[in-house]
Every structure is written in C-alpha cells, then in structure tokens.
Amino acid sequence: MPESLQVEKLIQQQRQFFATGQTKNVNFRREQLQRLKQVIIDHQGDIIAGVKADLNRPEFEAYFEIASVSEVNYAIKHLKSWTKPKKVRTSLDQFPASAQICPEPLGIVLIIGPWNYPFQLMISPLVGAIAAGNCAILKPSEIAANTSKVVANMIRETFDPAYIAAVEGGVETSQALLAQKFDHIFFTGGTKIGQIVMEAAAKNLTPVTLELGGKSPCVVESDVQLDYTAKRIAWGKFINAGQTCIAPDYLLVKREIKNDLLEKIKENIQAFYGENPEKSPDYCRIISPRQFDRLADFLQNGKVIIGGQTNPEDQYIAPTVLDQVSWDDPVMQEEIFGPILPVLEYNDLGEAISQINARPKPLALYFFSKDKAKQQQVLQNTSSGGVCLNDTVMQFSGTYLPFGGVGESGMGSYHGKASFDTFSHYKSVLKNTFWIDLQLRYAPYKGKVYLIKKILTGL
Ligand code: NAD
C-alpha cells in the first residue's frame with residue numbers, strides 16, 4: 001500500500017479510537033504513562049546502544065535521553081490536579097451563573113523529532129500528549145536511524161497503534177504525514193523545516209508547537225569566577241560534540257578577559273577529553289558525513305586557536321575554538337550545531353546587547369556575570385527562548401521551567417505542566433441556572449441604560 005494511504009488509514013484508526021472516549025479517562029492515561037515508564041526502564045540498554053551507534057554517545061550522556069522518565073513521573077504525580085476543571089469567578093453581568101475552565105485533549109497529534117537527542121525529544125513531548133488524553137503519531141528522525149528503530153520498537157511493543165504509533169522514515173514520510181489533518185503538530189528541528197511544517201499545518205488550521213534552533217550567544221563579563229565559567233561553557237558546548245540545540249553557539253567576551261578565558265577553556269577541554277579527544281571514550285562524533293562536511297568548512301573561518309583536527313572517516317571534529325572571527329564570516333551566518341566555538345569580543349555590555357538584538361531571537365542566551373545590575377540589563381534588553389545566568393544548558397533540565405523558543409527560535413513550550421498545557425485545549429464553560437432570569441439584558445431597553453453602563457463599564 002502506498003505510504004500516503006497507510007498513513008491515512010492509521011489516522012482513521014486513531015480517530016475511531018479517540019472517538020471511543022477512552023483516552024479521556026484519567027486512569028487510562030495514568031496506566032499508559034506507567035506503561036511508557038516501564039518500557040523505557042526495560043529498554044535502557046537499547047537506548048544507550050542506539051545513541052552510541054548514532055552519535056558515539058557515552059553511556060553517561062545517554063542518560064540525558066533516559067531522563068524522560070522523570071517527565072513521566074512528574075506527569076503521573078500531577079495528572080489528577082492537571083485534569084481537574086478549575087472554577088473561576090464570574091462577573092456581575094453573568095449572575096447567577098458559575099464558571100469553570102476544563103482541559104480537554106486536542107485529538108490526534110503528530111510529533112516529529114530531530115536526530116541530536118533522538119530518544120528524549122520524541123518521548124518528552126509524548127508524555128504531555130498522553131497526559132492530556134490524546135492519540136499520537138511519532139515520526140523519529142531517520143538520520144539517527146538506530147535510535148529511530150529503538151523508539152519504533154518500544155512504541156509497537158507497548159501501545160495499540162490505534163492509540164499511539166511510530167512511523168519511521170525520512171522526508172517523504174514526514175511529508176505524507178503533514179499532508180494529513182492533525183489536531184496538533186509538535187515539531188522539533190531546524191528553522192527551515194519548521195517553516196515547511198507550519199505551512200502544511202496552516203492548510204488545516206492545525207496549531208503547531210515549533211521547537212527550533214538558532215544561534216545562542218554566550219556573553220561573558222570580566223567579573224566572573226573564571227574557572228567555573230570556562231568549565232561550564234566548555235561542557236555546554238562540547239557535550240554531544242556541540243550537537244545540542246541550546247549549546248552556546250558563539251562566545252561574546254569582554255575584551256580584557258578574553259585571553260584568560262580562552263586559556264581556561266583550553267585547560268578544561270583537556271581535563272574533560274585528554275590530550276587527544278579522538279581517543280576519549282567521552283567524546284561524541286558528528287551524526288553524518290553531510291553535517292561533517294558542513295562543519296569542516298567552518299574551520300576555514302577566523303583562526304583556530306584550540307583543536308581544529310578532523311577525521312572524515314570517523315566523522316570526528318575536535319573541540320575547536322575559533323578566534324578572529326567577524327560577524328560576516330559564514331560560521332556566524334547559521335546555527336553551528338557542532339563542536340566549533342567562534343569568539344567575538346566587546347568593550348561595553350550595551351554593544352554586546354545591540355549585536356544580539358540585531359539578529360533573530362535565539363533559543364537560549366547565556367550571560368556570565370556576578371553583577372546583578374548587568375544581569376538585569378541583559379534580561380530587560382534582550383529576548384530569547386530562555387536565559388541561563390552563570391551556567392549553560394541547565395535551563396533545559398528539570399520539569400519546572402517551560403522550554404521553548406520565541407520568534408525564529410520557535411513557538412510554544414513544554415516540559416512538566418507546560419507539556420500538558422501544550423496538548424490540551426482549555427475549554428471555558430459557563431453554567432447558568434433556572435432559579436431566576438433577570439430582565440435587565442432583554443429589550444425593551446428603555447430605562448435600563450444607566451444600569452447596564454454601570455455594570456459593564458463601571459462608569
Ligand atoms: P531537521 O529540521 O532537518 O529535521 C527534523 C525532522 O524533520 C526530521 O524528523 C526530518 O525527517 C523531518 N524533515 C526533514 N526535512 C523535511 C521536509 N522537507 N519536510 C518535512 N519534514 C522534514 O532538523 P535536524 O537536522 O534533525 O535537527 C537539527 C535542528 O533541530 C537544529 O536546528 C536544532 O537547533 C534543532 N533542535 C531544536 C531543539 C529544540 O528543542 N528547540 C532540539 C533539538 C534540535
């Protein structure tokens with residue numbers, strides 16, 4: 001059967017299943033979340049092996065993927081309170097009615113994922129979709145082929161496809177899915193494909209969550225604790241060989257501490273990965289030859305002052321720092337998404353802020369400084385998906401901070417309660433009674449203007 005027909009049939013089955021109302025039952029949702037948790041626990045080894053095969057990810061970093069279990073735990077714990085209708089006040093003109101806000105599932109949702117954290121970025125949104133009572137179709141990235149298989153097997157093993165299904169495949173599969181009508185599309189990937197997804201969704205007026213990328217700046221003032229700053233930057237940049245959507249993309253450093261900071265970054269890279277990171281068991285590889293070639297070209301920009309070594313056969317690029325880079329260099333024109341850190345300098349914080357604001361709003365913004373007034377200056381004068389002060393990447397962790405972009409770095413957010421909200425419609429319900437029927441709103445209006453004016457406007 002052609003792929004488009006298969007996809008169509010699958011969606012029909014899910015629509016029928018959704019129509020039975022089973023997914024609206026809170027106990028059903030809780031059971032499914034428990035099943036999801038169990039299958040993750042049972043398949044930890046497969047997940048670790050999958051990301052090892054795709055990205056040479058060390059076991060330690062593989063647990064960043066398996067951390068989805070804490071999303072499941074959090075959802076199970078709060079499911080009852082999240083799903084409860086919330087009573088709200090009514091206004092005087094609504095008297096004697098009562099009002100509440102009732103979360104309801106959207107229906108059939110599509111979740112499309114990228115290759116860089118290929119398990120977590122599929123499963124974390126799924127937690128929200130299940131908790132909110134939806135059916136879901138997952139499309140993992142074909143580029144992380146091994147993990148895609150693991151995800152598909154786990155989903156097949158755990159859920160009836162009429163409820164939750166995984167569809168493996170590349171661009172054509174994605175397009176076949178996008179040609180169908182969904183009730184929500186949750187997309188994680190690049191900005192360009194995000195536009196394609198939004199365009200397809202617009203045809204059916206399907207709402208979208210777009211978790212995109214961009215160039216996340218890392219600004220460093222001169223008053224910092226230098227060693228911790230360098231360590232946290234090197235860690236956030238070089239985990240997963242820089243293939244992290246919120247990795248610091250480039251460094252904007254106060255001129256007077258640039259050399260000291262770079263020296264410390266060098267020391268920390270060595271401390272993490274040894275003299276030759278190619279031999280380190282803790283350093284990842286670039287996902288594909290295509291990405292390798294794209295990144296290797298950036299090494300022509302500026303001057304390599306740390307790293308710079310490559311091995312195409314192994315898709316290895318050393319943790320690299322580029323000095324003497326200008327804003328016009330190709331490395332500053334697109335998201336790097338690899339282990340290359342260009343360094344630019346500034347004299348005055350206002351100047352750094354202007355440079356950031358002259359570019360699309362980033363997914364993350366990192367600012368290192370002890371000075372509260374400067375922290376405030378950055379928070380008030382820039383816009384980004386999230387901000388992390390005096391650290392990198394950690395804003396993604398945990399279930400309490402919603403995660404998402406703004407402007408070109410995306411729209412919508414998830415994690416914890418935000419995931420439930422993303423996959424829910426908050427239905428407003430007003431309930432009147434029959435014990436009284438005030439005549440005020442009905443014609444004839446003669447003699448009532450004074451009162452209606454008072455009630456509606458307070459004037
Ligand atoms: P991508 O946009 O190339 O692919 C993402 C998904 O879209 C894949 O499943 C792919 O099969 C599908 N796709 C590709 N081309 C398509 C097309 N023409 N039509 C329909 N679907 C298509 O992204 P990627 O290379 O997998 O991931 C890298 C990007 O993702 C980076 O920009 C990164 O910043 C971003 N990202 C963002 C987040 C976040 O949470 N905001 C997380 C991880 C990655």
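User: Which helix gives the most residues to the shell around the ligand?

Analyst: Helix α8 does, with four residues. Helices are DSSP runs of H or I, at least four residues long, and strands are runs of E, at least two long, both numbered from the N terminus. α8 covers 171-178. Two other elements, β6 (184-188) and α9 (191-203), also supply at least two shell residues each.

User: What should I know about the model first?

Analyst: It is predicted, so local features need pLDDT of at least 70 and side-chain atom pairs pLDDT 80 or more, while totals for chains, interfaces and linings use all residues. Residues are numbered from 1 along each chain as its sequence is written, and side-chain values use heavy atoms, without hydrogens or water.

User: How many residues surround the ligand, and which are the closest?

Analyst: The count is 27. Gly113, Lys139, Glu142, Leu212 and Glu335 are the closest.

User: How much of the ligand does the protein bury?

Analyst: Accessible area comes from the Shrake-Rupley method with a 1.4 Å probe. The ligand alone exposes 850 Å², and the protein buries 90% of that.

User: Where does UniProt place the active site?

Analyst: The unreviewed entry lists Glu211 and Cys245. Such annotations may be inferred rather than shown by experiment.

User: Is Glu211 buried or exposed?

Analyst: Buried means under 20% relative accessible area, exposed over 50%, and partly exposed in between, using a 1.4 Å probe and protein chains only. Glu211 is at 3%, so it counts as buried. It sits in strand β7 (residues 208-211). Contact means heavy atoms within 4.5 Å. Beyond four places in sequence, the contacts of Glu211 include Phe186, Thr188, Phe403, Ser409 and Tyr414.

User: Where does Cys245 lie?

Analyst: In the loop between α10 (226-238) and β9 (250-254). Cys245 is buried too, because its relative accessibility is 16%. Leaving out residues up to four places away, it touches Asn116, Ser216, Glu335, Phe337, Leu363 and Phe403.

User: What does an exposed residue look like here?

Analyst: Take Gln16, in helix α1 (residues 3-19). Its relative accessibility is 57%, so it counts as exposed. Its C-alpha atom is 33 Å from that of Ala67, which is 51 residues apart along the chain.

User: How many helices and strands does the protein have?

Analyst: There are 16 helices and 18 strands. The C-alpha trace spans about 85 × 60 × 35 Å along its principal axes. Of 459 residues, 52% count as buried. Among contacts with a separation of 6 or more, 71% join residues 24 or more positions apart. The protein exposes about 21200 Å², with 53% from carbon and sulfur atoms.

Notes
A residue is near a molecule or strand if one of its heavy atoms lies within 4 Å of it.
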